[in-house]
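Here is a short briefing to read alongside the structure. Take a look at the fold as a whole, then follow along to a few individual residues.

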Amino acid sequence: MLMRSEPFTEIHRIAQQMFGSPEAGTWSRPSAVPIDAYRHGDELVIAFDLPGVDRDAIDIDVEREVLTVRAERRPVDLGGDAVAQLSERPLGVFARRLFLGEALDTEHISATYDNGVLVLRVPIAEKAKPRKITVAAREHDDAKVLTT
C-alpha cells in the first residue's frame, strides 16, 4: 500500500536525527520531514510534522503514484534592528516523497493543516478493498460420467 520513500532521503533523515542539521534545507537539497502513517478503515492517513510553517508555504503534488510534500519555514520578520541571540529552530525547505501503491486512490486525496501538522487522507481504491467471492455449484452432466 504505502512504500517507503527513496533510500537516500531515509539515510539523510536518520543522519539528521543522529547528528543534527546545521544547515537549512534548500529547494535543491531539502531537509526531511518526519511522518507517521496509519491505516484507518478504508483510508491511509499520513501526518507530516511542519511546525512553524505557514499553510501557504506548503506544496503537495501527486504524479502517478508518487506523493511529494514540500514546505518552507521562513525566519520570523522582526525588522532590520533585530540581532539573533540564539537560533535553534531549523529554517529552510523541507520535503518528503512517498511512493503510493496501486491500492490507493490518488484522485481523492484530502489535506488538512492544524497546529503544525499536515494530515493527508488517501482512500483505499475500490479494487483493493476486501470482498467476498461466492462459490457456485458445479453442474454435472450425468450422461458424460463414465463408470467402470
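**A strand residue to begin with**

D61 sits in strand β5, which covers residues 58–63. Please keep in mind as you read that this is a predicted model. With that said, here are the details, grouped by topic.

**More on D61**
- D61 has a relative accessible area of 40%, so it falls in the partly exposed class, between the 20% and 50% cut-offs.
- Beyond its neighbours within four places in sequence, D61 is in contact with V66, L67 and T68.
- R97 lies 36 residues from D61 along the chain, and the C-alpha atoms of the two are separated by 9.5 Å.

**The chain as a whole**
- The protein chain contains one helix and nine strands.
- Reading from the N terminus, the order of elements is β-α-β-β-β-β-β-β-β-β.
- Of the 148 residues in the protein chain, 28% are buried.

**R73, a buried arginine**
- Where does R73 belong? You will find R73 in strand β6, which spans residues 66–73.
- R73 is buried, yet it has no salt bridge.
- What the side chain of R73 does reach is the backbone oxygen of P51, at 2.5 Å.
- A polar atom of the R73 side chain also lies 2.5 Å from the backbone oxygen of P90.
- Setting aside residues up to four places away in sequence, R73 touches L50, P51, G52, V53, R89, P90, L91, G92 and F94.

- A37 belongs to strand β3, made up of residues 35–40.
- Is A37 buried or partly exposed? Its relative accessibility is 38%, so A37 counts as partly exposed.
- A37 and R121 are 84 residues apart in sequence, while their C-alpha atoms are 9.8 Å apart in space.

Technical notes: Residues are numbered from 1 along each chain as its sequence is written. This is a predicted model: local features need pLDDT of at least 70, side-chain atom pairs count only at pLDDT 80 or more; totals for chains, interfaces and linings use all residues. Side-chain values use heavy atoms; hydrogens and water are left out. Helices (H or I, at least four residues) and strands (E, at least two) are DSSP runs, numbered from the N terminus. Buried means under 20% relative accessible area, exposed over 50%, partly exposed in between (1.4 Å probe, protein chains only). Lys and Arg count as positive and Asp and Glu as negative; His and the chain ends are not counted. A salt bridge is a side-chain nitrogen of Lys or Arg within 4 Å of a carboxyl oxygen of Asp or Glu. A polar contact is a pair of N or O atoms within 3.5 Å; within protein, one must be able to donate a hydrogen and the other to accept it, and residues adjacent in sequence count only if both atoms are side-chain atoms. Contact means heavy atoms within 4.5 Å.
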